Amino acid sequence: MTVLPRFKSAILATALLASTATFAMAKDVTISVWAGGTGPTNDYRIEAIKMAADVVSRQAKIRGEDLTIKIESQTWTGWDDFKQAVTLAAESGKAPNIIVSGHEDIGPWSQSGLLRPIEDYVDFDAWPLNQLYPNLIDVSSYDGRIWGIPQDAEARPFFFSKAHLKAIGYSDADIEALPAKVESGEYTLYSMLDDAKKMQDAKVVEPGKGFMPRPNNGTDYWQFYQSFGGEMADAESGKLVLDRQALTGMYQFFVDAVEKGVVPATYLGTTWDTWHQAVAGDKAGIWHGGTWHKAEWEAKWGLKDFFGQMQYSLIPAGNEKGRANTITHPLVYLLSTGGSDEDATLAAELITTASEPYINALHAVKSGHLAIGSAEASIPFYANDRWTTAATEGLLPKANAIPNNSDFGVVWKAMYKGLETSWTRTNSVADAVKAVETEVRNALGDKIVIR
Amino acid sequence: MVLLLGFFFLPVVLTSVFAFTNMSTATGISGGSYVVTGNLLRSLKDEGLDAKTIDALGQSSYVIDQAGLEKAHAAGVDARFITEIAERLKDRSFTSSTAFERELKTLPSRPTRVRDLKIAAGAFEQSVLNVRYASRGEMEAALTHMLENPPEGAIEKVATASYTGWTWTTENFKNLVITPDTWRIIGNTVFYVVLTLAFNVLVGLFLAITTFYLPPAGSGFFSVLWLLPRITPVVLYAVMWKWFTWEDGFVFNIAQDLGLPAFNYMKGSVASAWTVVILVNGFVGASFGMILFSGALKAIPVQQLWASEVDGASRWQQIRYIILPHMRWPILFVTSYQTLSLLSSYEQIWLTTNGGPGSTTTVWALEAFKTALNNYTGNLQYGLGAAMALILVAVGLILSIVYLRLFRFDEMMSKPKIEF
């Protein structure tokens, strides 16, 4: 070997070393995000994290760090498969860094060690988390700790077809006054059944389409339980509650609706497409859904004039024991225990940045969801949107949430099974209630108060 | 042998193990940890644990002492920051993390990242509340450290109650027996298995015999046609049934043209939903029966049929007195095999009616699958689902024995009486 090649080798080695040094300074991090219940109108659940990644990378660059954040995302339109995927992935140590799910998952997932409490990673005293609505923070908390950051909020209203109401004798003034009558308890679920029947009798809607409830399981059905005076958890002790009387009232209401002919006995299990087509196409009389449905109807189902076509209100009371109500079911950004603490720290930073009012407002307005904080509600882009503002002011203050409790899923599953069997008349209402009671009592013992 | 153990016995063994646990999403599968939480303290209070212990466990404080400073150092907190904490806050204590963190934020060398501040604060925390301990030993040590003169058995009681993982239980079976819904699902399952089985065997037999009498070219064509449900991927097959029976689908339009009630036949009525479920599975099973029966038919000595024709036997007499007696064993085999297979099948039902309308077409296997692995609330009850699956295994085993006895399979398998 001659000197020159040695010299060359030395230069080459130095160059190589230098290149690895540069490489070491540059940092590539991949953050994975999985979201359930996410379709084309609510893609900002993921897009917001991507925007946050851009902002955080720019901040790093200004600080002199070369940070590249890659976001790997996966979405599910439904919940069954999503929750199965998250749970099983976590069991096999492959959970995504960020999970976007319903707040009720915090209970079981925190117990099983699937989640990191987000309060250990973010500062709720600092912007933008210090302007989040306190009730949404409560919804994201469980057992004294804050586990998630609210991603959105919503309300689940009742909708009425204005044209069909007019066909059965409602004047414009009556239609305007309807939400207030619902709220005061004057207009009940049974008044609604009468109107739905009148619409069918007047032949403005087809038989069985007078009342079109949610076609499958969902938080919505707890609203009917509340309409008959039911409570899901005891406010003081936090214990789960099953109110047999309210459950009876609720099941009986749907049986009565079937008997009146305004909804078929075999209704549960109808597809979402059938439902959307009917309600957005003004083929249904009265129905209930979510604030976000407006965006879907406009984007996919040809709805042109929401305010001209539909009236909305709280879910009416069922009897004098119940109240008009609506449930908000915020989705939350959760941090999984997967990945390193360093990754979780970055993921938390992304979630915090994605909660910036300007970014979150993109999701709220596009998807018909509601603001997560006071600053967001005052952003003109959000505040000037008639629907979000109307829902934020008219519905959200009256909304409550389902409880965060690791055992609530058991009660929910039993409640819906009872609804299915009584609705389809497989069981009598009394037997269905008895079956729910037996099932939850066996499974939960004294963890639930049965009234 | 390893493959046999791995793929055949292991699932059964694991199902048996899971069935005797309360395993769920909340408990996790791979084991739990030990955590004292606010809810746990409330339920321990209800169970009669003394107030002093409850109070002591519920307290959380941050004390700036030497041990905390050392812990902070070990956790990698910046040395300058530790020095400032030591200089300015030594021997002070705080009752909440918020108050302590606010104080830390006033120090000049505070970290820029929130997480680093939280790690620093965490080093000074003196509490067992919400701390996850990996083992019972660690939890007991922490409890012993926290509690002064605890009542006898208190530490063991708290440690046991603080476990987040699954425990052994026989409650799953008890709950299944008590729950009225169990009997409804058993009824559905029996209805489904009996009717689908009858369809499988009768249609399979009918197809085999009719194609047997067809010219070979025609019979080949029909055999392939009837095999389509079996060779079509199950998801595609289910989607085709949806097109066929859905609103605005094939049956819907025909019914409308004929002035008959037109609705979603798959989900619109309980009777039509059951018909669809039975047909969907029935056609798949019928093709299976057809193949076996066709093979068996070919084994019948053709001379017997010729002889019968010479004697003037009609087609029906041939079937009744020659073919069916020869088909005894294949029919028994298809009956027993299909019973077991139908008992455990749920995928076609899941993909078509999904057990609806309501839960009227839900069978045992589908309910077990939904309980253990797939439901809207995400509350996966692995233990209860496994118990349901284990019952299915037991029923399958019992039925196998019954079939073996009833149909005397041992006789069929006995040595030939003629020696070659």
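Helix H16 (residues 302–310) of chain B is hardly covered: of its nine residues, the number buried is zero. Here a residue is buried if 20 or more other C-beta atoms lie within 10 Å of its own, exposed if 12 or fewer, and partly exposed in between, with C-beta atoms placed from the backbone. Helices (H or I, at least four residues) and strands (E, at least two) are DSSP runs, numbered from the N terminus. Just after H16(B), Gly312(B) takes a positive phi of about 85°.

The model is predicted: local features need pLDDT of at least 70, side-chain atom pairs count only at pLDDT 80 or more, and totals for chains, interfaces and linings use all residues. Residues are numbered from 1 along each chain as its sequence is written, while chains are lettered from A and ligands numbered from 1 in the order in which they are written.

Chain A holds 20 helices and 16 strands. Its C-alpha atoms fill a box of roughly 105 × 50 × 40 Å along the principal axes. Of its 451 residues, 54% count as buried. Contacts require C-beta atoms, placed from the backbone, within 7 Å. Among contacts in chain A between residues at least 6 apart in sequence, 77% join residues at least 24 apart.

Chain A is assigned domain 1 (29–154 + 329–394) and domain 2 (158–327 + 407–450). These bounds come from an automatic or database domain assignment. The domain centres, taken over C-alpha atoms, are 29 Å apart. Domain 1 of chain A gives 15 residues to the contact, and domain 2 of chain A gives 13. On the domain 1 side, helix H4 (106–111), helix H15 (357–367) and helix H18 (386–394) of chain A each supply at least two residues. That side divides into five nonpolar, seven polar and three charged residues. Ala, Val, Leu, Ile, Met, Phe, Trp, Tyr, Cys and Pro count as nonpolar, Asp, Glu, Lys and Arg as charged, and the others, Gly among them, as polar.

One open sheet in chain A has four strands in the order S9-S11-S8-S12, with mixed pairing. Strand S9 (211–212) and strand S12 (310–313) of chain A are the edges, each pairing on one side only. Strands pair if DSSP finds at least two bridges between them. Strand S8 (residues 158–161) and strand S11 (residues 286–288) of chain A run antiparallel and are joined by three bridges. Phe160(A) has Ile286(A) in S11(A) as its bridge partner.

The contact between the chains takes 45 residues from chain A and 43 from chain B. On the chain A side, helix H3 (80–91), H4, helix H19 (408–423) and helix H20 (429–444) each give two or more residues. H19(A) gives the most, with eight. By class, this side has 10 nonpolar, 21 polar and 14 charged residues.

H19(A) is mostly covered, with 16 of its 16 residues buried. Arg425(A), whose phi is positive, near 60°, follows H19(A).

A nonpolar core is a set of buried Ala, Val, Leu, Ile, Met, Phe, Trp, Tyr and Cys residues joined through C-beta atoms within 7 Å. The largest has 132 residues, of which Ile49(A), Ile98(A), Leu350(A) and Val411(A) touch the most other members. H19(A) provides its largest share, nine residues. Both domain 1 and domain 2 of chain A contribute at least three residues each. Leu350(A) touches residues including Ile31(A), Ile49(A) and Val56(A), not counting residues up to four places away in sequence. A second, separate core of 53 residues includes Ile29(B), Val201(B), Met290(B) and Leu384(B).

Notes. Contact = placed C-beta atoms within 7 Å.
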